[in-house]
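Good morning, and thank you for coming.

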Amino acid sequence: MSTYTSQTLSDLEKEHQAAINSAQEKMLAELNDAQASGNLEKIQEASVVFQNITTELAKQYTNKIEEINALNHKATVADEPQIYTTKRADVDLNLLVYDGDRDYVIAFQQDELIQSTLEKVNKNSGKFKSRKHLLKSSLRLTKNTGANAS
């Protein structure tokens, strides 16, 4: 019985299923031989060997899943730009973001026109704030405003 060599979870699933199928075929062949000869000890032995093999396969499968996930996590963290700097509830938000959304945010951050506009807005933020305040707190007088008051 060999260890798993797959590098992706989907390939690992296929490899694991093939290993279980192979172990089942081996057990069935041994059971057929044991039944044909009437050897009850061999029947029990084939069953125990199959259980041991599947238990070991399950351990290897679980370990390989953890290994692949760890490699994927390292690759994700190393290769992809980190757009979220805060963690909430010990969850790395960079791992949760949809790739397409992350790509749009990165493109937005790298766009020179957008960045220069943001710089201008931040530079003139006092002017924008006072205009916004006037618009929110002022009353616009029109001919109709006076007519409604009487």
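I shall speak about helices, a nonpolar core and a salt bridge. Please keep in mind that this is a predicted model.

Let us begin with helix α1, which covers residues 9-37. From its first C-alpha to its last, α1 reaches 42 Å, close to the 42 Å expected at 1.5 Å a residue. Its buried residues are Leu12, His16, Ile20, Ala23, Met27, Leu31 and Ala34. Just after α1 comes Gly38, with a positive phi of about 75°.

I turn now to the core. The largest nonpolar core is made of 12 residues, among them Tyr4, Leu12, Phe50 and Ile68. Helices α1 and α2 each supply at least two residues of this core. The most comes from α2, which gives six residues.

Which residues form a salt bridge? Lys64 pairs with Glu67, and their closest N and O atoms are 3.1 Å apart. The count of salt bridges comes to one. Because Lys64 and Glu67 stand three residues apart in helix α2, about one helical turn separates them. Lys64 is buried, at a relative accessible area of 8%, whereas Glu67 is partly exposed, at 40% relative accessibility.

Finally, consider helix α4, residues 99-110. This helix has 12 residues and reaches 16 Å from first C-alpha to last, close to the expected 16 Å. Gly100, Arg102 and Ile106 are buried in α4. Seen down the axis of α4, these buried residues fall within an arc of 160°, so they line one face of the helix.

Technical notes. Residues numbered from 1 in each chain as written. Predicted model: local features only at pLDDT ≥ 70, side-chain atom pairs only at ≥ 80, totals over all residues. Heavy atoms only, no water. Helix = DSSP H or I, 4+ residues; strand = E, 2+ residues; numbered from the N terminus. Expected span 1.5 Å × (residues − 1). Buried < 20%, exposed > 50% of the residue type's maximum accessible area, 1.4 Å probe, protein only. Core = buried A, V, L, I, M, F, W, Y, C linked by side-chain atoms within 4.5 Å. Arc of directions from axis to C-beta. Salt bridge = Lys/Arg side-chain N within 4 Å of Asp/Glu carboxyl O.
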